[in-house]
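This briefing accompanies the sequence and the three-dimensional structure shown below. Please read the notes with both in view.

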Amino acid sequence: HTVALGFDASLSLADQRSLYRAINDELAEVVHQHPDRFLAVAALPAADPSWAAEELTRAHKELGLLGGSLPLNAFATLEGARTLAPLFAAAQKLGSHFFVHRGPANAQIPGQPPLVVPGDTEFARWNLISNSHLTAGGITLGLTDFLDPYPDVSVQIVMLSGFLPYLSETFISGALRAGIKDPIGRLRRLYLDPGPYSRNGDWVALAAKSLGADRILFGTDYGVNGGSRGDVAPALTTLDKALSPEQRQLIYLDNSLALLKKKARA
């Protein structure tokens with residue numbers, strides 16, 4: 001996954017264009033060979049929104065992909081998100097789906113939080129910092145007016161947008177006082193993906209209660225029958241206990257099918 005690997009922040013734009021174009025061509029070939037098994041979104045550079053818009057258009061019209069992948073720290077602030085307006089304008093015309101994964105963006109994107117992890121108890125501090133970054137991006141995309149001009153663009157944030165479900169009760173009241181009408185409705189423009197937190201059934205259940213089970217897409221970092229990242233079976237066992245049968249039906253299957261139908265892929 002190009003976003004997770006940090007290429008957006010570590011490679012020059014010229015290298016990103018070359019690498020991402022090659023990755024997207026390879027993804028398209030996999031989708032072409034196995035159209036009943038795989039769908040894909042294109043790797044896109046956040047700091048070159050004009051080229052990203054061109055590549056997104058190529059991804060839709062020539063490669064058969066359904067959207068793009070972007071680093072979440074590009075959305076840490078509204079100022080940073082607005083630099084992506086040319087890309088989102090193209091995405092609106094195409095009806096794109098964006099998969100947003102945690103990770104730093106190119107230094108040209110303003111407003112990104114510094115990634116400084118103190119050496120003491122790094123294992124705990126990294127989780128705190130990571131989830132605060134995820135939540136900041138979720139707040140930008142959910143509670144500002146950034147997405148208003150792009151109603152046909154769907155956005156999926158990995159890892160349940162970090163602490164977003166836990167913090168929603170605290171900032172919903174503040175949003176109302178700030179004059180934001182129906183903040184929950186605005187947040188429901190997003191799709192949340194549990195990612196590795198698929199093993200935290202209570203987190204997923206709280207997200208379903210706070211924002212609605214119809215806004216959660218099942219996702220996990222774990223594979224089938226084990227592997228280096230672990231097995232998906234414990235996540236499914238935990239979610240089966242935490243969620244109702246109706247919630248499981250939505251999260252495991254129906255939400256994805258409905259979304260793909262909107263994107264003309266089902």
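Not counting residues up to four places away in sequence, His97 touches Val41, Leu66, Gly67, Gly68, Ser154, Val155, Gln156, Leu259 and Lys263, where contact means heavy atoms within 4.5 Å. The model is a predicted one, in which local features need pLDDT of at least 70 and side-chain atom pairs count only at pLDDT 80 or more, whereas totals for chains, interfaces and linings use all residues. Residues are numbered from 1 along each chain as its sequence is written, and side-chain values use heavy atoms, with hydrogens and water left out.

**His97 and strand β3**

- His97 is found in strand β3; strands (E, at least two residues) and helices (H or I, at least four) are DSSP runs, numbered from the N terminus.
- With a relative accessible area of 5%, His97 is buried, a class that means under 20% relative accessible area, while exposed means over 50% and partly exposed lies in between (1.4 Å probe, protein chains only).
- Strand β3 is mostly covered, since five of its five residues are buried.
- His97, Phe99 and His101 point one way from β3, Phe98 and Val100 point the other way, and all are buried.
- In a regular strand the side chains alternate between the two faces of the sheet.

**The sheet and its pairings**

- Five strands form an open sheet in the order β1-β2-β3-β4-β5, with parallel pairing; two strands pair if DSSP finds at least two bridges between them.
- The edges are taken by β1 (42–43) and β5 (190–192), each with a single partner strand, so one side of each is left without a neighbour in the sheet.
- Strands β1 and β2 run parallel and are joined by two bridges, and the bridge partner of Ala42 in β2 is Gly68.
- Strand β2 (residues 67–71) is joined to β3 by five bridges, again in parallel, and here Gly68 has Phe98 of β3 as its bridge partner.
- Strand β3 (residues 97–101) runs parallel to β4, with four bridges between them; Val100 is partnered by Ile157 of β4, and His97 stands opposite Ser154 in β4.
- Strand β4 (residues 154–157) is covered on both faces, with Ser154 and Gln156 buried on one side and Val155 and Ile157 buried on the other.

**Helix packing**

- Helix α2 (residues 13–33) and helix α3 (residues 49–63) pack with their axes 11 Å apart and at an angle of about 15 degrees, the axes being lines fitted to C-alpha atoms over the stretch in contact and the angles running from 0 to 180 degrees between N-to-C directions.
- That angle makes α2 roughly parallel to α3, given that angles under 35 degrees count as roughly parallel, over 145 as roughly antiparallel, 65 to 115 as roughly perpendicular and the rest as oblique.
- The contact is made by Arg17, Tyr20, Arg21, Asn24, Asp25 and Ala28 of α2, together with Trp51, Glu55, Arg58 and Leu63 of α3.
- By class, the contact of α2 with α3 has four nonpolar, one polar and five charged residues, where Ala, Val, Leu, Ile, Met, Phe, Trp, Tyr, Cys and Pro count as nonpolar, Asp, Glu, Lys and Arg as charged, and the others, Gly among them, as polar.
- The axes of helix α10 (residues 233–242) and helix α11 (residues 245–262) come within 9 Å and cross at roughly 140 degrees, which makes α10 oblique to α11.
- On the α10 side Leu236, Leu239, Asp240 and Ala242 meet Gln247, Arg248 and Tyr252 of α11, and by class this contact has four nonpolar, one polar and two charged residues.

**Gly80 in helix α4**

- Gly80 has its place in helix α4 (residues 78–82) and counts as buried at 0% relative accessibility.
- Leaving aside neighbours within four places in sequence, Gly80 is in contact with Ala74, Ile109 and Pro110.
- Gly80 and Pro110 are 30 residues apart along the chain, yet their C-alpha atoms are separated by 4.9 Å.

- Thr121, in the loop between β3 and α6 (122–143), has a positive phi of about 45 degrees although it is not a glycine, and Thr121 is partly exposed, with a relative accessible area of 41%.
- Asp182, in the loop between α7 (164–177) and α8 (183–187), also is a residue other than glycine with a positive phi, near 50 degrees, and Asp182 is exposed, with a relative accessible area of 51%.
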